[in-house]
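Got the sequence and the model open? Let's work through a few exercises together, one step at a time.

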Amino acid sequence: MNIILLGPPGAGKGTQASRLQEERGMVQLSTGDMLRAAVKDGTPVGLQAKAVMEAGELVSDEIVSGIIGEALDKLPAETGVIFDGYPRTAAQAESLDDILTGRGRKLDHVIELAVDEDALVERITGRFTCEKCGAGYHDTFKQPKVAGTCDQCGSTEFKRRPDDNEETVRTRMAEYRAKTAPILPIYEARGLLQRVDGMADIDVVNTSIEAILDAK
Ligand code: AP5
Ligand code: MG
Ligand code: ZN
């Protein structure tokens with residue numbers, strides 16, 4: 001099964017993708033995570049992407065579709081994939097069709113996480129992750145069980161993203177509205193789109209997504 005999680009910055013794509021990865025043995029392919037890794041490693045892609053990401057704008061379609069194709073080539077054909085943060089433009093949606101077809105895969109579901117924009121700034125500015133294992137947390141909504149210690153790996157080092165400030169979040173939302181939201185009707189017309197209330201609790205959102213994946 002191959003699915004897309006679509007939604008604005010802070011909608012919960014990463015949170016839900018990592019839950020599905022744990023529960024279903026699917027693999028999360030997050031272009032944001034892959035680009036951040038490239039920036040950290042100083043690769044040619046990272047060098048091109050760094051300033052664009054820090055401004056909250058979109059990296060080029062060629063770069064992101066390229067890294068998605070490469071990532072898929074490393075996975076066994078039977079492994080299900082969760083696309084998190086890709087596609088984000090009509091051109092990327094078209095590329096994804098070709099990328100999947102070329103590898104004998106098909107798209108099963110596109111799930112939109114619907115959220116109030118007002119909540120997103122709070123979600124994003126409160127977000128932090130474990131430096132060591134990448135587990136995601138939030139100052140208000142998802143604190144580690146023992147303060148200052150990662151639930152997953154016990155590390156006491158955490159980090160925040162450089163693009164998680166209010167000004168950049170506004171730019172990221174504007175990019176979503178202008179370039180990403182217009183691809184929703186494309187998937188709707190193909191009968192692939194389902195909407196989930198992304199304002200519910202993390203567990204409730206997870207249950208709603210599982211129900212979609214389990215439905216015949
Ligand atoms: P990317 O990393 O994809 O960022 P984004 O789309 O802005 O989304 P986020 O990761 O901020 O949010 P999320 O939906 O994953 O939310 P999360 O689960 O963390 O992209 C970053 C940049 O890379 C882009 O700006 C662009 O420059 C570039 N890029 C990436 N892909 C690209 C592409 N395809 N094309 C071009 N450029 C690309 O949740 C947020 C917080 O809220 C967390 O703290 C979480 O604990 C909390 N939370 C989650 N769900 C809930 C809930 N239900 N209730 C309460 N709190 C919740
Ligand atoms: Mg994310
Ligand atoms: Zn950790």
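**Exercise 1.** Find the order of the strands in the open sheet of three.

*Solution.* Three strands line up as β6-β5-β7, with antiparallel pairing, in an open sheet. Strands here are DSSP runs of E with at least two residues, helices are runs of H or I with at least four, and both are numbered from the N terminus. Two strands pair if DSSP finds at least two bridges between them. Next, look at the edges: β6 (136-138) and β7 (158-159) each have a single partner strand, so one side of each lacks a neighbour in the sheet. Now zoom in on β5 (residues 127-130), which pairs with β7 over two bridges, in the antiparallel sense. There, cysteine 130 sits opposite phenylalanine 158 of β7.

A word on the source: this is a predicted model, where local features need pLDDT of at least 70, side-chain atom pairs count only at pLDDT 80 or more, and totals for chains, interfaces and linings use all residues. Residues are numbered from 1 along each chain as its sequence is written, chains are lettered from A and ligands numbered from 1 in the order in which they are written, and side-chain values use heavy atoms, leaving out hydrogens and water.

**Exercise 2.** Work out which residues make the contact of α2 with α3.

*Solution.* On the α2 side, the contact (heavy atoms within 4.5 Å) uses Gly32, Leu35, Arg36, Ala38 and Val39. From α3 come Val45, Gly46, Ala49, Lys50 and Met53.
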